[in-house]
Amino acid sequence: MRNAMLAILALLAGGTAVIASSAPAAAEYDYPWCVKGGELGPSGDCSYSTLEQCQASASGRWNLYCDVNIRLKFKQAEQQQQQQGVAPRRRPRRDY
């Protein structure tokens, strides 16, 4: 009985370790369209692949609109700067 209990605990611990080490795939991808406004906050709900999907979700809901995902635009601008060899702009350091 004791060995069976230890075997079950070992399986549970192994399963927990496997689940904890895997990252969700959706977190690694930024969708290009966001529903913004209303009670969604400043970042909105950015889970739409097409403008039509976004507009269908915002349709009939008060004070919501579709806009381009700002995080995706920022990443694209960074990539373009890196390809062109442009150094990122930084504010000058102030010594007070």
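Helices (H or I, at least four residues) and strands (E, at least two) are DSSP runs, numbered from the N terminus. On that basis the protein has 3 helices and 3 strands, and read along the sequence they follow the pattern α-β-β-α-β-α.

This is a predicted model, in which local features need pLDDT of at least 70 and side-chain atom pairs count only at pLDDT 80 or more, while totals for chains, interfaces and linings use all residues. Residues are numbered from 1 along each chain as its sequence is written, and side-chain values use heavy atoms, with hydrogens and water left out.

**Confidence and overall figures**

pLDDT is the predictor's confidence in each residue, from 0 to 100. The mean pLDDT of the protein is 81, with 77% of its residues at 70 or more. Where pLDDT is low, the predicted coordinates should not be read in detail.

Burial is stated by relative accessible area: buried means under 20%, exposed over 50%, and partly exposed in between (1.4 Å probe, protein chains only). Of the 96 residues in the protein, 15% are buried. A contact means heavy atoms within 4.5 Å. Of the contacts in the protein with a separation of 6 or more, 49% are between residues 24 or more positions apart.

The table lists the accessibility of individual residues discussed below.

| Residue | Relative accessible area | Class |
|---|---|---|
| Tyr-29 | 46% | partly exposed |
| Asp-30 | 15% | buried |
| Tyr-31 | 26% | partly exposed |
| Val-35 | 1% | buried |
| Asn-63 | 46% | partly exposed |

The buried residues of helix 2 include Cys-54, Ser-57 and Ala-58. They cover an arc of only 95 degrees around the axis, which puts them on the same side of helix 2; the arc is that of the directions from the helix axis to the C-beta atoms. The face turned away from this buried side carries the exposed residues Glu-52 and Ala-56. The packing partners of the buried residues of helix 2 are strand 1 (33-37), strand 2 (45-48) and strand 3 (64-68).

Val-35 lies in strand 1.

Ser-57, in helix 2, touches Val-35 and Tyr-48 when residues up to four places away in sequence are not counted. The side chain of Ser-57 also makes a polar contact of 3.2 Å with the side chain of Arg-61. A polar contact is a pair of N or O atoms within 3.5 Å; within protein, one must be able to donate a hydrogen and the other to accept it, and residues adjacent in sequence count only if both atoms are side-chain atoms.

Gly-60 follows helix 2 and has a positive phi, near 80 degrees. Asn-63 is in the loop between helix 2 and strand 3. Its phi is near 65 degrees, a positive value in a residue other than glycine.

**Asp-30 and its surroundings**

Asp-30 is placed in the loop between helix 1 and strand 1. The side chains of Asp-30 and Lys-75 are joined by a polar contact of 2.8 Å. Leaving aside neighbours within four places in sequence, the contacts of Asp-30 are Asn-69, Arg-71, Leu-72 and Lys-75.

The structure holds 1 aromatic pair. The ring centres of Tyr-29 and Tyr-31 are 4.7 Å apart and the ring planes stand at 85 degrees, so the pair is edge-to-face. Under the criteria used, rings of Phe, Tyr and Trp (its six-membered ring) pair if their centres lie within 6.5 Å; planes under 30 degrees apart count as stacked, over 60 as edge-to-face and the rest as tilted.

**Helix 3**

At the start of helix 3, a side-chain oxygen of Asn-69 comes to within 3.0 Å of the backbone nitrogen of Arg-71. The expected span of a helix is 1.5 Å times one less than its number of residues. For the 15 residues of helix 3 (residues 70-84) this span should be 21 Å, which agrees with the 21 Å between its end C-alpha atoms. Helix 3 is followed by Gly-85, with a positive phi near 80 degrees.
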